[in-house]
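Subject: Structure handover

Hi there,

Here is the structure I promised to pass on.

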Amino acid sequence: MQVNILEAKNRLSQLIKSAQLGEEVVIANRGVPVARLVPAGETPAAISDTGSARAILHWLERHALPDYARRSSAEIDAAIEQERRSWD
């Protein structure tokens with residue numbers, strides 16, 4: 001993940017948590033990378049099973065969908081049904 005300096009300042013706690021979990025966090029000045037946050041010790045991702053369901057759910061919690069991409073289960077069901085009807 002790459003963020004600019006102002007965004008890093010505003011989200012520092014969240015970025016540190018991401019780095020602790022093993023995600024690479026690059027801080028850029030006008031798009032040019034100038035710093036990288038790395039964990040000081042062994043990361044939880046290195047300790048735990050990276051591909052486990054728990055790890056995947058944790059990643060999804062940290063990387064929420066943008067508002068424009070969120071849909072309710074009813075909206076998803078309706079879209080699936082509409083697609084199925086179009087096959088007939």
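Below is what was found in it, going from the overall layout to single residues.

First, the ground rules. This is a predicted model, in which local features need pLDDT of at least 70 and side-chain atom pairs count only at pLDDT 80 or more, while totals for chains, interfaces and linings use all residues. Residues are numbered from 1 along each chain as its sequence is written, and side-chain values use heavy atoms, with hydrogens and water left out.

**Confidence**

pLDDT is the predictor's confidence in each residue, on a scale from 0 to 100. Its mean over the protein is 84, and 90% of the residues reach 70 or more. Helix H5 (residues 73–86) has the highest confidence, at 93, and helix H3 (residues 44–47) the lowest, at a mean of 54. Where pLDDT is low, the predicted coordinates should not be read in detail.

**Overall layout**

The protein has five helices and three strands. Helices (H or I, at least four residues) and strands (E, at least two) are DSSP runs, numbered from the N terminus. Along the sequence they follow the pattern β-α-α-β-β-α-α-α. Of the 88 residues, 12% count as buried. Here buried means under 20% relative accessible area, exposed means over 50%, and partly exposed is in between (1.4 Å probe, protein chains only).

**The sheet**

The three strands make an open sheet in the order S1-S2-S3, with mixed pairing. Strand S1 (2–4) and S3 are the edge strands, each with a single partner strand, so one side of each has no neighbour in the sheet. On average, neighbouring strands are turned by 35 degrees against each other, direction ignored; the axes behind this angle are lines fitted to C-alpha atoms (for helices over the stretch in contact), and angles run from 0 to 180 degrees between N-to-C directions.

Two strands pair if DSSP finds at least two bridges between them. S1 and S2 are parallel and share three bridges. Gln2 has Val26 in S2 as its bridge partner, and Asn4 stands opposite Ala28 in S2. Strand S2 (residues 25–29) and S3 run antiparallel and are joined by five bridges. On that side, Val26 is partnered by Arg36 in S3, and Ile27 stands opposite Ala35 in S3.

How well are S2 and S3 covered? In S2, four of the five residues are buried, so to speak mostly covered.

S2 and S3 form a hairpin with two residues between them. Arg30 sits in the loop between these strands and is exposed, with a relative accessible area of 82%. Its phi is near 55 degrees, a positive value in a residue other than glycine. For context, most residues other than glycine have a negative phi.

Glu24 is in the loop between helix H2 (12–20) and S2. Glu24 is partly exposed, at 47% relative accessible area. Between Glu24 and Leu37 there are 6.8 Å in space, C-alpha to C-alpha, and the two are 13 residues apart in sequence.

**Salt bridges**

The structure holds three salt bridges, each a side-chain nitrogen of Lys or Arg within 4 Å of a carboxyl oxygen of Asp or Glu.

- Glu23 and Arg62 meet at 3.1 Å, N to O. This pair links distant parts of the chain, 39 residues apart: Glu23 is in the loop between H2 and S2, and Arg62 is in helix H4. Glu23 is buried, at 17%, while Arg62 is partly exposed, at 23%.
- Glu7 and Arg11 meet at 2.4 Å, N to O. Glu7 is partly exposed, at 30%, and Arg11 is partly exposed too, at 25%.
- Asp67 and Arg70 meet at 3.6 Å, N to O. Asp67 is exposed, at 65%, and Arg70 is partly exposed, at 46%.

**A nonpolar patch**

Ile56, Leu57, Trp59 and Leu60 form a nonpolar patch on the surface, with about 410 Å² of accessible area together. Patches are made of residues with over 30% relative accessible area and no salt bridge; like charges are joined within 9 Å, and nonpolar side chains (Val, Leu, Ile, Met, Phe, Trp, Tyr) within 5 Å. The areas come from the Shrake-Rupley method with a 1.4 Å probe, and for residues only the protein chains shown count as cover. Ile56 lies in helix H4 (residues 53–62) and is partly exposed, at 44% relative accessibility.

Best wishes
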